[in-house]
Amino acid sequence: MDATPGAPLIQIRDVSRRYVRGVDEVHALERVSLDIPAGHFVGFMGPSGSGKSTLLNLVSGIDRPSEGDVIVAGQRLNDLSEDELARWRARHVGLIFQFFNLIPVLSARDNVALPLLLTKLDKAERVRRAETALRVVGLEDRLDHYPRTLSGGEQQRVAIARAIVTDPDLIVADEPTGDLDARNAEAILDLLRQLRQHFGKTVVMVTHDPRALRFVDDAYHLDKGVLLEGEEAARAQEAIRVSAGAAGARGPR
Amino acid sequence: MKYAGLVLANLGRNKLRTALTGGAIMLAVLLVCVLLTMPAGLDAFLNNIASNTRISVHNKAGLVYAMPYAFTRKVRQIDGVAAACAFVWFGGAFEEAGRVTFPNFAVEADQVGAVYPDYDVPAQQLADFQRYRDGAIVGRATMRRYGWKIGDRITLRSTVWPVNLDFRIVGEIPNDRSPLLWMNRDYLDEALKAQGRPAGLGIAGIVWVRAADPERVNAIMRTVDDLSRNSDSETASETEKSFFSNFFGSLKGFIAIILLVTGLVALCIVFIAANTASMGVRERAGELAILKAIGFGRRLLFATLLAEATVLSSVAGLAGVVSTIGITKVLHVFAGWNASLGPLGAFIVTSSVIVEGIFLSLFVGMLAGVVPAFGAARKPVVATLHEVF
Ligand SMILES: Nc1ncnc2c1ncn2[C@@H]1O[C@H](COP(=O)(O)OP(=O)(O)O)[C@@H](O)[C@H]1O
Ligand SMILES: [Mg+2]
């Protein structure tokens, strides 16, 4: 994917996603349209169950829309078969989740090297790149550590290293700070911002962490599967800013 | 194979469980292989009966009933008979009281070599056997078992006749699997007379006959049985192969049960291994979803999960096969020749047993792994993420 900065890397066109649960249908997303420019750090915000993860999963190609199209760097994801989509993800997307990011029986280095197993790189090169990625996230002294011996923040940084090790243009993160304390959360947010600043990555993040507003370029607000716009979006953003201020005032310096 | 590290790391995830499952598979393969040596031993034995010219003549009423010794001479005179030798069960026990640890018979020293030319007992040893009344010819299996050599003297206490006899070993049947001991019939006859039985031995348990020509075997059998018709001891003649498969006929039911048991054991370990595989997959659902999310294809995930189950079961199965070889060696020494089990008690691990053991363990691994691996590989990422998180 070569992305001209400023041009939309991701185009979301009238996307809906419904889940069938027994006889019920859950409308997780309703006709969402959105462009995300290359090289931006974007946050999807909103209350729990508002469809943030669903939207992120569609952008990263681990799920398919019920209606509408997701186009990433000119590739209509709907045109790809299941296996093609898996290969596409391996090549173009780095993924960070809230939990279960790491394989507990593999060292930090081996965890980071996992996506490289899917490439043609030889072992030495895989190790070299994994170590480089761990250096980028500041864990060069934790190469041989197993996940359970790392703190939550360190684990999340290993996950970020794994997400960038294949040098993808798009990095998606679902609640990457959800499990972390304030200091670690800010460190992770800062790291994601640096990926955008220093490496030109497009980063799309789901969060309900109000602190995130200070780091992202654009924040989008979802409610009940609908993307808020104009007045409504501004009100939602203001509400979050207020709660962030309150949290900041209460929190230790 | 670059995914080997991942497969092995996953096997090491829950070492106790892996070890327990591996141990169960190993023991099951061991049990199956040891049991399979029994039918394999019988097959090997029956296939080894090379002679298609030998005939067994015995009392129609059953093997425990004897025939008059004099009948042997009549058989020998029948047209087409190359040689005939009367056999009498001595039931001699060596060392341990009351237990017969190898089959031993009183035979006609001047005839036995001619009936069993295929046993390849050297002519000089057969000559010595005729020369020394107390001579004995012993199969190599028994020689090895007790560390005997030609020239040794041994004592056997009969469990059938009221005598203890001393023997000198004058010859060997050069066959690793032969447990037999032949003694001189005249020696037993004299000993019985000395015990106050003026009639002496006087009987033949089985007369083994060698036909000069395989074509004439049927005619000879008919003639023999006609000869004895309406006498006190009518005979039933049969070929050597038929004799031994009838002799071990009662073992066939036993073998059927063995095969049934081995089948059930195999099924049982499939379930054990499948349980381990599906537990492994279930508790890793989140991780597997993430592997899939970062681009591991369905086929690759399926293959690594299947490999996990197969590596475990084949390593365990290999250990089972290797222990089978060890255990049967021990069993072989302890059980030796066993009157009720016959060739089933030989515990010889044939190559077919090894191959079956290895195939069994591969099969167990694949069968156990395939369903959980398929389910895990097929499940959409978002479904798992939604369930797990
Ligand atoms: N795989 C799924 N199956 C059924 N329902 C789902 C699934 N994933 C999400 N949902 C439902 O869709 C709605 C939006 O979920 P989600 O996108 O996870 O919300 P958020 O991430 O904003 O908390 C919720 O009601 C959720 O229960
Ligand atoms: Mg969510």
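Reader: Which residue in strand 9 of chain B is the bridge partner of B:Val107?

Author: B:Asn184 of strand 9 is the bridge partner of B:Val107 in chain B. Bear in mind that the model is predicted. The general idea is that strands of a sheet pair through backbone hydrogen bonds, in either a parallel or an antiparallel sense.

Reader: How many bridges join strand 5 to strand 9 of chain B, and do these strands run parallel or antiparallel?

Author: Strand 5 (residues 104-107) and strand 9 (residues 181-184) of chain B run parallel and are joined by four bridges.

Reader: What is the strand order of the open sheet in chain B?

Author: The order is 4-7-8-6-9-5-3-11-1-12, ten strands with mixed pairing. At the edges are strand 4 (92-93) and strand 12 (235-239) of chain B, each of which pairs on one side only.

Reader: Which helix of chain B packs on that sheet?

Author: Helix 9 (residues 240-247) of chain B does, touching strand 1 (54-59), strand 11 (206-211) and strand 12. The direction of helix 9 makes about 105° with that of strand 12 of chain B.

Reader: Now chain A. What kind of pairing does the open sheet have there?

Author: The pairing in the chain A sheet is antiparallel, over four strands in the order 2-1-4-5. Its edge strands are strand 2 (24-37) and strand 5 (75-76) of chain A. Two bridges pair strand 4 (residues 67-72) of chain A with strand 5 of chain A, and in strand 5 the bridge partner of A:Val72 is A:Gln75. Helix 1 (residues 52-59) of chain A packs on this sheet, touching strand 1 (8-21), strand 2 and strand 4. Its direction and that of strand 1 of chain A make about 125°.

Reader: How many salt bridges does the rule find across the interface of chain B and chain A?

Author: Two. B:Arg298 forms a salt bridge with A:Asp83, with the closest N and O atoms 3.3 Å apart. Seven residue pairs are in polar contact between chain B and chain A.

Notes. Residues numbered from 1 in each chain as written. Chains lettered and ligands numbered in written order. Predicted model: local features only at pLDDT ≥ 70, side-chain atom pairs only at ≥ 80, totals over all residues. Heavy atoms only, no water. Pairing = 2+ DSSP bridges. Contact = heavy atoms within 4.5 Å. Axes fitted to C-alpha atoms, helices over the stretch in contact; angles between N-to-C directions. Salt bridge = Lys/Arg side-chain N within 4 Å of Asp/Glu carboxyl O. Polar contact = N/O pair within 3.5 Å; in protein donor to acceptor, adjacent residues only side chain to side chain.
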